[in-house]
Amino acid sequence: MKIFLTGATGYIGGSIARYLTDFGHDVRGLVRQPAKAQALQEIGISPVLGSLDDASLLAEEAKAADAVIHAADSDHLSSVQTFLEALKGSGKAFIHTSGSSVVGDDARGAYERPDIFADDTPFVPMDIRKDRVEINEIVRIAGVRDGIRTIVFCPTMIYGESLGLPAKSDQLPKLYAQSRKVGAGAYIGTGLNRWSNVHIRDLAELYRLALEKAPSASYFYAENGEASFIEIATAISNALGFEGKTQSWPADDAIAELGDWARFAIGSNSRVRAVNARRLLGWAPQHTSIQKWIETTDVAW
């Protein structure tokens, strides 16, 4: 299958691209920096120089591909609109990458929220996630109305080393950095807030399965377990040689340093279950828990 993929040099997009090439797919990957084009070529991904704002380029690549995977910027509305317009009536697959922070709350690390969301469970998004949810809905509606096999993925906290070019995940590196700074495993507030999580290779396999058989307008969470942030902090502490010592990072301080990202990414609860992935696609995650991975993997974050 000929696939056009955005975010080819990133953690998620690059890992998916490399995984799919290993299965024999022909992947063309969007890259903004010419210096990284050769590196992509060397791992079997054909580089396409450009950006998400190059509407004519995106449309041309989408029309030439058998499927499009958007893994660069979940909030970039104009690129999503460009892809959907270019693919209208084609019956081709369009996979849009969102994130499970859409079901997050504003806990600021203070408590464990009991709510757990399956793929079809209704929810009200935080203020800073309303636009993302609207984009997800636009994609799914196009799958019903416009003759495109659209799929929305909402990965949880992702761990594991990049399968593509060297790249970092989103949440863990920042927790590692703060932990090194204070000499203890860091968590926001009380650290009781919980997130579901998934290994990057299991996530890449889920994308492969979706390309083959996901129904149109489908919506998938991607998770294989969950952990509280104090549990994650303890694992990081052990991995860094701090012998389990942990330390609270006041929410206001974290938000002042990292912006609203801290609210929805490491201060919230995001607890989901990947029911559709397992039932509809036969997805069977293989990798170890996030805590065990942290404690047994030497990462250079």
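Visitor: At what angle do helix α4 and helix α5 pack, and how far apart are their axes?

Guide: This is a predicted model, in which local features need pLDDT of at least 70 and side-chain atom pairs count only at pLDDT 80 or more, while totals for chains, interfaces and linings use all residues. Residues are numbered from 1 along each chain as its sequence is written, and side-chain values use heavy atoms, with hydrogens and water left out.

Helix α4 spans residues 77-87 and helix α5 residues 130-145; they pack at an angle of about 5°, and their axes are 11 Å apart. That makes α4 roughly parallel to α5 (an angle under 35 degrees; over 145 is roughly antiparallel, 65 to 115 roughly perpendicular, the rest oblique). Axes here are lines fitted to C-alpha atoms, for helices over the stretch in contact, and angles run from 0 to 180 degrees between N-to-C directions. Helices (H or I, at least four residues) and strands (E, at least two) are DSSP runs, numbered from the N terminus.

On the α4 side, L77, V80 and L84 make the contact, and they meet I135, I138, V139 and A142 of α5 (contact means heavy atoms within 4.5 Å). The residues of this contact divide into 7 nonpolar, no polar and no charged (Ala, Val, Leu, Ile, Met, Phe, Trp, Tyr, Cys and Pro count as nonpolar, Asp, Glu, Lys and Arg as charged, the others, Gly among them, as polar).

Aromatic rings come next. A search of the whole structure finds 8 aromatic pairs (ring centres of Phe, Tyr or the six-membered ring of Trp within 6.5 Å; planes under 30 degrees apart are stacked, over 60 edge-to-face, the rest tilted). One of them joins Y159 and W293, a tilted pair with 5.9 Å centre to centre and 55° between the planes. This pair links distant parts of the chain: Y159 belongs to strand β7 (residues 157-159) and W293 to helix α12 (residues 290-296), 134 residues apart. Both Y159 and W293 are buried (under 20% relative accessible area; exposed is over 50%, partly exposed in between, with a 1.4 Å probe and protein chains only). Elsewhere, F4, F83 and F94 form one aromatic cluster.

H199 brings us back to the Y159 and W293 pair. It lies in strand β9 (residues 194-199) and counts as buried at 8% relative accessibility. Leaving aside neighbours within four places in sequence, H199 is in contact with I158, Y159, G160, H287 and W293. H199 and P155 are 44 residues apart in sequence, with their C-alpha atoms 9.9 Å apart.

I200 is found in helix α7 and is buried, with a relative accessible area of 0%. With neighbours up to four places away set aside, I200 is in contact with Y11, I12, S15, I158, Y159, G160 and E161.

Two rings have a charge over them (NZ of Lys or CZ of Arg within 6 Å of the ring centre and within 35 degrees of the ring normal). The charged end of K174 sits over the ring of W261, 4.5 Å from its centre. The charged end of R208 sits over the ring of F23, 4.5 Å from its centre.

R263, in helix α10 (residues 261-265), is buried, with a relative accessible area of 10%. Not counting residues up to four places away in sequence, R263 touches D105, D106, R108, M126, D127, I128, I255 and S268.

A233 in helix α8 is buried as well, with a relative accessible area of 1%. Under the four-place exclusion, A233 touches G185, A186, Y187 and T246. Its C-alpha atom is separated by 15 Å from that of V299, 66 residues away along the chain.

The backbone has two points to check. Most residues other than glycine have a negative phi. A217 has a positive phi, near 65°; it is found in the loop between α7 (200-213) and β10 (218-222) and counts as buried at 13% relative accessibility. E243 also has a positive phi, near 55°, and its place is in the loop between α8 (229-239) and β12 (246-249). At 77% relative accessibility, E243 counts as exposed.

Finally, P34 is found in helix α2 (residues 34-42) and counts as exposed at 58% relative accessibility.
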